[in-house]
Amino acid sequence: MRFEEKTPARGRGEGYQEYVGGLHVHTEYSDGSASMERVIQAARATGIDFLVIADHDSLGAKKHGFEGWRDGVLVMVGVEISPWRKGHCLAWGVDTCVGYRDADARVYLGQIARQKGAAFAAHPEGKSRPCGLGRVEVWSDWDTPHLAGMEVWSFMHDWSEGVWPFGLHQLPFRFLDPARWLRGPSVEILRRWDRIGQERRFVGIGSLDAHEVGMPLVPWRWLSCERIFETVRTHIRSERLAGDAERDIRTLRSAIEGGRCHIANDRVCDSTGFDFWGETAGGIIVSMGEEVAYERGVTLHVTCPAPACVRLLRNGADVAFAEDDAMRYEPTGAGVYRVEVRWKTQPWIFSNPIYLRSRQG
Ligand SMILES: [Zn+2]
Ligand SMILES: [Zn+2]
């Protein structure tokens, strides 16, 4: 086990660091073919600072001691609760997942909350079945207070959507350059996110849902960890990770669960250095995921690592647009503000919202 100090002081101010995460990774503890060692090696090779392992209904990697700093990568082991044909759920901060698979979501979400764990809806739009037979694994329990957020953008679900039946001939190209085929989060998911955000803070995360597929006797891997790990990543803002695994996992959890993160397809362009923040008239800085009362004089700021098409949205509707590497905007009212950035024609960055609440509300 080894810890490496992260050198670049990115972001605003001392003690405010940006770390790149690969969330929702399957291993040989469920239906991935990659070992934990292999996954950690690929994370290191692709510049990932932390991994969230989420095997189907298994905490095997945690039981075998893989949580913590491994070869310079901070590993947090969660689980993907995967009931047959029902919505799936990512959970972490739990020591057991026995019985969750067959329980009603409202029951197991309550049990996770009692263990002080956190739960996020995984690929909430589900996946389409062949021949127009509808969708399966669609998340439906939106009213529970125990859901901290959801996967807004899932690499695997985006990549595989549209293959069957008319995209089958594209499959070899999809394998060769998976990131090129991503179309971004679905409109329905973004709408839902904007709607829930008007009621309560609701965190959006990006996920890989990585299942490396090996082939017997051939060193070639379909959708290798390296290929996938370069794509939809979640960048957190947090205090400096100091090398103490237990404390660093608490820091990591607080950043993700607090929504201090953005989602990006880093294969398009490395989004490190992107930021979205607010400043009140009194000079208080508000980060992504945070909530303050709206007041006159508050300003919102975006910085991008490269010039791109930056959209600022309020409650899901466009309020400002710039083809630039920065934006400054003075809101005229309360609302849930978030940023979407496109790189040429490709979806690139999705921020978590800043919640400017009305004083009456
Ligand atoms: Zn799933
Ligand atoms: Zn999964």
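Residues are numbered from 1 along each chain as its sequence is written, while chains are lettered from A and ligands numbered from 1 in the order in which they are written. Because the model is predicted, local features need pLDDT of at least 70 and side-chain atom pairs count only at pLDDT 80 or more, whereas totals for chains, interfaces and linings use all residues.

Visitor: How many residues of domain 1 are in contact with domain 2?
Guide: The domain assignment, which is automatic or taken from a database, gives domain 1 (17-265) and domain 2 (275-357). Two residues are in contact if their C-beta atoms, placed from the backbone, lie within 7 Å. On the side of domain 2 there are 15 such residues, and on the side of domain 1 the number is 22.

Visitor: Which element gives the largest share of the side of domain 1 that touches domain 2?
Guide: Helices (H or I, at least four residues) and strands (E, at least two) are DSSP runs, numbered from the N terminus. Elements giving two or more residues to this side include α6 (187-197) and β10 (203-207). The largest share, five residues, comes from β14.

Visitor: Which strand joins β14 by three bridges?
Guide: Strands pair if DSSP finds at least two bridges between them. Strand β13 (residues 232-238) pairs with β14 in the antiparallel sense over five bridges, and Ile236 stands opposite Cys261 in β14. Ala264 stands opposite Ile349, and the antiparallel partner joined to β14 by three bridges is β21 (residues 346-351).
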